[in-house]
2 protein chains.
Amino acid sequence: MEPTRWLTDGEQEIWRRTLAVLTLLPNELEGQLQRDADLTRFGYGVLATLAEAPGRSRRMSELAALANGSQSRLSHLVGRLERRGWVRRERADDDGRGCVAVLTDAGYAHLAAAAPGHVALVRSLVFDALTPTQVTQLGEITAALLTRLAPPGDCPASSDHGGSTADGR
Amino acid sequence: MEPTRWLTDGEQEIWRRTLAVLTLLPNELEGQLQRDADLTRFGYGVLATLAEAPGRSRRMSELAALANGSQSRLSHLVGRLERRGWVRRERADDDGRGCVAVLTDAGYAHLAAAAPGHVALVRSLVFDALTPTQVTQLGEITAALLTRLAPPGDCPASSDHGGSTADGR
DNA sequence: AGCAGATACTTGAAGCGTCAAGTATTCGGT
DNA sequence: ACCGAATACTTGACGCTTCAAGTATCTGCT
């Protein structure tokens, strides 16, 4: 067992700031979505993912993976979204165990109404705060981090892409 | 009211990855702390902050601000930590309304036991995943982001400047 | 065919965080 | 000195997430 390699002073400074960002940025996003759209960040992500999907529908397990959440979490969420009429559940025809979540028109409308405000916040808190060079660096850094965070063999359904965070338009 | 400035394809790609990091990295940290030390990331942060403080104690409101949490959240947390014997509450002598949280020896020991594993994870997920150059860039980027997330004069009412927030305009 | 085990999803309980309201105590203008 | 307003913290209820268990369906081995 090796002795712990503590962080250097410089690393600590950087890690402290990173932790703050990891706390404050999601907080701001959650707060805005909650206030303006009565949605969680996870809920918004799920609706947005559905909006980009062919037929505005996805298998539950796919959806959970795409939104980086557990199956249980998604199940509870879809239950709530269903009660609000934003999503509908249908049985999968190719697999009797499965379920597909379908975005309703009301759900799409709600997402479309929420998107502009959310995108504006993302722009003001992130992209407007960084230089173009820093934005590029952020892209590289997050890609590097994800190699450790999203172990290979986890994203089988990366066929789609090209979608938009907000809604098609 | 301006038309929404949507994210470009490049920005979307970067934002998508950033969101994933914002979700997965805290998840990993929380999971490790929960499993190995029965602590939340917030709980760990509070204990760590207390450990560094003079007298291993801090006013509740200071502590909440340093750990980037609300006063209510801290109050609930300290209640739980107190029940486990890791923290003790004392009345502030200079201000009858105030409270100081004090880290007990048991609390310090628990933190000391948890730290090596946590630091090891941080190292492996973040610092080992990035080049030295990227680590420096991460430091600069987080510093830039924090100028928007943690306004310097955020305590009293300082009029907002810099443009459009999401909701208002 | 039949049965064990994997897979897809759901459910209920428990913990944590937020919000709104409540209790003390201190500050500040008159 | 006094009274209303601000401050420091607490409390309770409610919503969301996790964890462990439960149900239903499918798959593969014999």
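In chain A, three strands make up an open sheet, ordered β1-β3-β2 and paired in antiparallel fashion. Here strands (E, at least two residues) and helices (H or I, at least four residues) are DSSP runs numbered from the N terminus, and two strands pair if DSSP finds at least two bridges between them. Because β1 (57–59) and β2 (87–91) of chain A stand at the edges with a single partner strand each, one side of each has no neighbour in the sheet. Neighbouring strands are turned by 25° against each other on average, direction ignored.

Before we go on, a word about the model: it is predicted, so local features need pLDDT of at least 70 and side-chain atom pairs count only at pLDDT 80 or more, while totals for chains, interfaces and linings use all residues. Residues are numbered from 1 along each chain as its sequence is written, chains are lettered from A and ligands numbered from 1 in the order in which they are written, and side-chain values use heavy atoms, leaving out hydrogens and water.

Now back to the strands. In general, strands of a sheet pair through backbone hydrogen bonds, parallel or antiparallel. Chain B also has an open sheet of three strands, in the order β1-β3-β2 with antiparallel pairing. Its edges are β1 (57–59) and β2 (87–91) of chain B, each with a single partner strand, so one side of each is left without a neighbour. The twist from one strand to the next averages 25°. The table shows one antiparallel strand pair from each chain.

| Strand pair | Bridges | Partner strand residues |
|---|---|---|
| β2(A) and β3(A) | five bridges | residues 99–103 of chain A |
| β1(B) and β3(B) | three bridges | residues 99–103 of chain B |

Helix α2 (residues 41–52) of chain B lies across β1, β2 and β3 of chain B, at about 90° to β3(B). For such angles, axes are lines fitted to C-alpha atoms (for helices over the stretch in contact), and values run from 0 to 180 degrees between N-to-C directions.

What happens where the two chains meet? There, 62 residues of chain A are in contact (heavy atoms within 4.5 Å) with 55 residues of chain B. Together they bury about 6000 Å², 68% of it on carbon and sulfur atoms; buried area is the accessible area (1.4 Å probe) that two parts lose on being put together, summed over both.

The interface of chain A and chain B holds four salt bridges, a salt bridge being a side-chain nitrogen of Lys or Arg within 4 Å of a carboxyl oxygen of Asp or Glu. B:R16 and A:E52 form a salt bridge, 3.7 Å from N to O. On the side of chain A that touches chain B, two or more residues each come from α1 (9–37), α2 (41–52), α5 (105–127) and α6 (132–149) of chain A. The most come from α1(A), with 18 residues.

Over all chains, the structure has 22 salt bridges. Within chain A, A:D105 pairs with A:R56 in a salt bridge, with the closest N and O atoms 3.9 Å apart. This pair links distant parts of the chain, 49 residues apart: A:D105 lies in helix α5 and A:R56 in the loop between α2 and β1 of chain A.
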